[in-house]
Each structure stands twice: as structure tokens, then as C-alpha cells.
Amino acid sequence: MAQESPKNSAAEIPVTSNGQLEDSQEHSFNRDLKRSLPVGLGLSETKITSHGFDSTKEGVIEAGPFPGSSASPKSSVITPSSAAASRLAGQGCDLIIPTGGRAQQKSGPVVLADEVKNPAMEKLELVRKWSLNTYKCTRQIISEKLGRGSRTVDLELEAQIDILRDNKKKYENILRLAQMLSTQLFQMVHTQRQLGDAFADLSLKSLELHEEFGYNADTQKLLAKNGETLLGAINFFIASVNTLVNKTIEDTLLTVKQYESARIEYDAYRTDLEELNLGPRDANTLPKIEQSQQLFQVHKEKYDKMRNDVSVKLKFLEENKVKVLHNQLVLFHNAIAAYFAGNQKQLEQTLKQFHIKLKTPGADAPSWLEEQ
């Protein structure tokens, strides 16, 4: 009971309207407080803070170490009254005692930091959008195949695309046949060269048929030489047509595929918007209609852009195709005609006209000096 009087005195400090202690009670309070403080802690080092009800700090007493004492520094906190404690809790004030031993008070509104974006949630959102888009496009494709859904058609552009695909198949057939001709001609030239060597060998060993074997050996070697020239022209023709078919036309068809994908997405979101417009309009459906209108506009712009890209590529492809095939067909005709006519000069002139250089057999192989 003797030790409760200081606590009660400290807890029931009368405060004026402006938050200051009454002078008549200050001396009695300091005397009681001095008795309750531990040894080595003077009243001069004790800081009493008491404010009004509008302040965020009230009823806090901070005590520092006694300067003349050799004892270790201690801190003491006098607990405020229950009313002050409830006000402190309501105003969000926290009493923080650091490791240094002095009590500090931190007040103010609590600010929560922005949550860090989770990469897993972002990936999950991307997967959700992709799944929704895939579902709508798949539904649109099935509806078109079953004849239930409508599709956007550009008649002029669709006709050009169909012609391009048909021409690609025909060019691929020409390319396949030209490759077969090149393979067969290479085998024939190889056989003629071997036959010419055999005739030349027999010409040296058969005195009675020396001239006959010699004529045939020269003829076969000449045919083999002309065949190599023709083979170079055909291979150049094959390389040019292969570039046209498998690179230029294929690149255009890749853009056509992107255009068709954009068209399906456009029709899918168009159908979705039409279904929402046919339904009731209330507070729940209006946000969905607005969102669907925005998505429809985005895919419409994408569809228009891809359609323009396809039109431009088809135009440039047609110009390039005519130029390339004109030169290659002239080369193929002149080379074949000169070969079978036996006109060696005309055959060589054809190759020079198109800047075709024949590779000498064994020219790419390093010499025995370079191998050392």
C-alpha cells in the first residue's frame, strides 16, 4: 500500500484547459515522484511531457541516467492513466524503446507501402487473357465451319491470295522437275566423261581402230563439256526459282496467315459485341459492353493494318515474280536450244549474258602445298 501512492499520484495529474500542470500540485507530485524513482536517477534528468487532449503525445515521462552515479544507465517509464492510454491507442501513438536505453515516441498516421507486383500473378493474368482469346477464336472457327457464324470477306484480296497459292504449287512442280533434269543430266555428263576416257584408252592400244576410237573420244568429251555448261545454267535457274518460291512467296504467305488470324480475332470479338448489344442494358451489362467495344476496336485496327500489309506485299511480289521469271525462262530456253543444236559458242554466250560462272571440278579442293 505504501508503494501505490506514487503511482496514483502520477496517474491522476490534474491538467488545466490548456494542458499545463496546476502550480499547487506540482511540488507534491515531484516529491512523490522522487521517492518512486530508483537510486541513481535524479529528478533533474527526468523529462515530463503532458499536453492537451488534441496532442498525439501525453502522459509520457522519459528519464536519463544520473550523471554522478557509477551505476549502469537505466530507463524508467511511468505508465499513464487508463484514460490517457485509451486516447493514445485511439490516436495511433507507439512508444519505442531502442537499444540505447532512451525511450522515443513515434506518432503519426501509418503509411502502408505499395505492394510489390508478383511476377507469378502477372504470368497468370497473361495466361488468362490468352486462354480467353483462344476460346473466342476457336468458337468462331467452329461456327464458321458449321455454317452458323458469319465471317468478314474481302473478295478482291481473297481472290489474289487463292491465285498466289495455286501458282506456288505450280512453281513447286516446275522446281521439282528441273531438279530431276539436273540430276539426270549430271549422271549423263559423268557417264559421257567416263566413256570418252575409255575410247581414248582404246585409241592408244588398238592400232587398227585408232582413228575411230579417237573420234568417239573427242565427241564424248565435247558433249561432256557442253553438258557441264548446260548443267550450270539449269542449276542457276533452279536456285533462282527456289528463292522465289521458298523465300519470297513463302514470306508473303506468312503475312497472309497473320492476316487470317487477325480476321478470325476481329470476327470473334465482333460477334461477341453483337451478342452483348442484343441483350438487356443495365448496370451490370453496360461495363461489359464498353469493354467489348474497346477490344473490338483494337482488333479492328489490327485487322485493317494486316489487310493493307498483305495488299502491299502481293503487289510487290507480282512485280518481282514477273521480272525474275522472265530472265530465268529466257536463260533456260537459250541454254537448252544451244546445247541440243550443238552450238557451243551460243551456249557459252548465254552463260556470259546472265553472269553465270562455272565451277571447275576440283577448284574448291586445296592443293597439296596448302595441305602441308
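This is a predicted model: local features need pLDDT of at least 70, side-chain atom pairs count only at pLDDT 80 or more; totals for chains, interfaces and linings use all residues.

Let me begin with a question: is Lys168 buried or exposed? Lys168 has a relative accessibility of 12%, and therefore counts as buried, where buried means under 20% relative accessible area, exposed means over 50%, and partly exposed is what lies in between, using a 1.4 Å probe and protein chains only.

Residues are numbered from 1 along each chain as its sequence is written, and side-chain values use heavy atoms, with hydrogens and water left out.

Lys168 lies in helix 5, and by helix I mean a DSSP run of H or I with at least four residues, numbered from the N terminus. If we set aside neighbours within four places in sequence, Lys168 is in contact with Val245, Ile249, Glu250 and Leu253, contact meaning heavy atoms within 4.5 Å.

The next residue is Asn133, which you will find in helix 4, residues 119–146. Asn133 is buried as well, because its relative accessibility is 16%. Its side chain is joined to that of Tyr269 by a polar contact of 3.1 Å; a polar contact is a pair of N or O atoms within 3.5 Å, where within protein one must be able to donate a hydrogen and the other to accept it, and residues adjacent in sequence count only if both atoms are side-chain atoms. Not counting residues up to four places away in sequence, Asn133 touches Glu265, Tyr269 and His299.

Asn226 sits in helix 6, residues 210–278, and at 7% relative accessibility Asn226 is buried. Beyond four places in sequence, Asn226 touches Tyr339, Gln344 and Leu347. Along the chain Asn226 and Gly342 are 116 residues apart, yet their C-alpha atoms are separated by 8.3 Å.

Phe340, in helix 7, is exposed, with a relative accessible area of 64%. Phe340 and Leu230 are 110 residues apart in sequence, and 9.9 Å apart in space from C-alpha to C-alpha.

Now to the helices as pairs. Two packed helices are described by the angle between their axes and the distance between the axes. Axes here are lines fitted to C-alpha atoms, for helices over the stretch in contact, and angles run from 0 to 180 degrees between N-to-C directions.

How do helix 5 and helix 7 cross, and at roughly what angle? The axes of helix 5, residues 155–205, and helix 7, residues 285–341, come within 12 Å and cross at roughly 30°. Helix 5 and helix 7 are therefore roughly parallel, since angles under 35 degrees count as roughly parallel, over 145 as roughly antiparallel, 65 to 115 as roughly perpendicular and the rest as oblique. The residues that meet include Leu157 and Tyr171 in helix 5, and Arg307 and Phe332 in helix 7. By class, this contact has 13 nonpolar, three polar and two charged residues; Ala, Val, Leu, Ile, Met, Phe, Trp, Tyr, Cys and Pro count as nonpolar, Asp, Glu, Lys and Arg as charged, and the others, Gly among them, as polar.

Finally, the axes of helix 7 and helix 8, residues 344–353, come within 8 Å and cross at roughly 160°. That makes helix 7 roughly antiparallel to helix 8.

Conventions: Helices (H or I, at least four residues) and strands (E, at least two) are DSSP runs, numbered from the N terminus.
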